[in-house]
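This briefing is for a reader who is new to the structure shown below. Please keep the sequence and the model in view while going through the points.

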Amino acid sequence: MPQYVVEELPVSQKANRGRAFDVDDNARIVGEYTENFLYQYPCEWVHDGTMWRIKTYSCSDHGVAVSESGDYTVIESGSIPTLVSGDECFEVSALSGVYTAPYAVNAWGVVVGYALTKEYEGHAFVWKDGESVDIFPHADFSVATSVNDVGDVVGFFQDADMGTVAFVRAECGAVTYLPGIGGAHTTTARMSDNGIVSGSAFNQRGVTHACIWKDGVVTDIGAQFPDTTSEAYDVNNSGVVVGAIAHGQSMSPFVWSAQTGICDIQSCIISVQRYAPHTATSAPAFRLTRVSAINNTGDIVGWGEYRDWE
């Protein structure tokens, strides 16, 4: 069973909450912090060798940094997202330009997500250098959830039977549909640079199971607990998956590998390092709420809470 040490990331003194959404292999983390339970500020965290440092973006003072890769960060802020690279900022306006929701960016500045068309339908898009492509122009609804550094895109669309079908769109534009596990729905979350896809699918009984796809073959991670809802949120190049599994009325974060199966991350936490001026606290005093991403070195980011509500 793996073991984890939780490191608390700094936020502003007025912040009520902080959330981490993505992490790269250099441990650059992006997310947001919220002040007065209302105002969201996109930010990133980097480690200077001694401690974690927080950085905000001068060109985008509100919203959520949802994804990063290489020198790029994409920020969801209102109806038009912002792409940040160094001191440069670009508006990401896709399709009709009415509303654009970014899901991911790769190291080449390619952004994917969904955007409203002129008919106010939500369609999956690929945006690059100010130009966007509608991946499924004839579907009523579709979304692109991830793009890797190769340029491959994953997502899902609604079919004629009101089910959802997961897909991979290669950098060349060719689309492949991903198989399900017997139910009406398959959805994707993220894709590793070597082509492993994380997501979820309904089984024959209509229970959502966490899944991964590799070379077009599906692995039902949730089969370990067949009658329990589970979801996969991210996967790294080694095939290690993070997600959540139902536990009572809530979802508990897990980590999965082919060697260990599903492991409850909370039970794997051995200590919690609080950011100064706080001192280290015991693992039971901290409750992990959500995990959102894992990098190729095995670092996991997300958020949680302390029993003292700090």
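Which residue in β4 is the bridge partner of tyrosine 33? The bridge partner is tyrosine 41. The model is a predicted one.

- Four strands make up an open sheet, and their order is β2-β3-β4-β5 with antiparallel pairing.
- The edges are held by β2 (15-23) and β5, each of which has a single partner strand, so one side of each has no neighbour in the sheet.
- On average, neighbouring strands of this sheet are turned by 30 degrees against each other, direction ignored.
- In general, strands of a sheet pair through backbone hydrogen bonds, in either a parallel or an antiparallel way.

**Pairing of β3 with β4**

- Strand β3 (residues 29-35) and strand β4 (residues 39-47) run antiparallel and are joined by seven bridges.
- Besides the pair of tyrosine 33 and tyrosine 41, valine 30 has glutamate 44 in β4 as its bridge partner.
- The two strands form a hairpin with three residues between them.
- In the turn of this hairpin, asparagine 36 has a positive phi of about 55 degrees.

**Pairing of β4 with β5**

- Histidine 47 stands opposite tryptophan 52, which belongs to β5.
- The hairpin of β4 and β5 has four residues between the strands, and glycine 49 takes a positive phi near 100 degrees there.

**Glutamate 68**

- Glutamate 68 is located in strand β6 (residues 64-69).
- Is glutamate 68 buried or exposed? Its relative accessible area is 4%, and because the cut-off for buried is under 20%, glutamate 68 counts as buried.
- The side chain of glutamate 68 makes a polar contact of 3.0 Å with the side chain of arginine 28.
- A polar atom of the glutamate 68 side chain also lies 2.9 Å from the backbone nitrogen of aspartate 24.

**The sheet of β22, β23, β24 and β25**

- Another open sheet of four strands has the order β22-β23-β24-β25, and its pairing is antiparallel.
- Which strands stand at the edges of this sheet? They are β22 and β25 (261-264); each has a single partner strand, so one side of each is left without a neighbour in the sheet.
- Neighbouring strands here are turned against each other by 35 degrees on average, direction ignored.

**β23 and its two partners**

- Strand β23 is mostly covered, with five of its seven residues buried.
- On one side, β22 and β23 pair in the antiparallel sense over five bridges.
- The hairpin of β22 and β23 has five residues between the strands, and glycine 239 in it takes a positive phi near 80 degrees.
- Strand β23 (residues 241-247) is also joined to strand β24 (residues 250-257) by seven bridges, and these two run antiparallel.
- Alanine 244 in β23 is the bridge partner of glutamate 231, and alanine 244 also stands opposite proline 253 in β24.
- Alanine 246 stands opposite methionine 251 in β24.
- The hairpin of β23 and β24 has two residues between the strands, and glycine 248 in the turn has a positive phi of about 65 degrees.

**The second largest pocket**

- Rolling a probe the size of a water molecule over the atoms shows where empty space is left.
- The second largest pocket holds about 580 Å³ of space.
- Its lining has 21 residues, and those closest to the centre are Tyr103, Ala189, Arg190, Tyr233 and Arg290.
- Two or more lining residues come from each of β10 (100-105), β14 (142-147), β18 (182-191), β19 (197-203), β22 (230-235) and β27 (286-294).
- Which element gives the largest share of the lining of this pocket? That element is β18, with four residues.
- Sorted by class, the lining has eleven nonpolar, six polar and four charged residues.

Note on methods
Residues numbered from 1 in each chain as written. Predicted model: local features only at pLDDT ≥ 70, side-chain atom pairs only at ≥ 80, totals over all residues. Heavy atoms only, no water. 1 Å grid on protein atoms, 1.4 Å probe; cavity = no way out; pocket = protein on both sides within 12 Å on 5 of 7 lines; lining within 4 Å. Points joined across faces, edges and corners; volume = space filled by probe spheres on them. Nonpolar A, V, L, I, M, F, W, Y, C, P; charged D, E, K, R; others polar. Pairing = 2+ DSSP bridges. Axes fitted to C-alpha atoms, helices over the stretch in contact; angles between N-to-C directions. Buried < 20%, exposed > 50% of the residue type's maximum accessible area, 1.4 Å probe, protein only. Polar contact = N/O pair within 3.5 Å; in protein donor to acceptor, adjacent residues only side chain to side chain.
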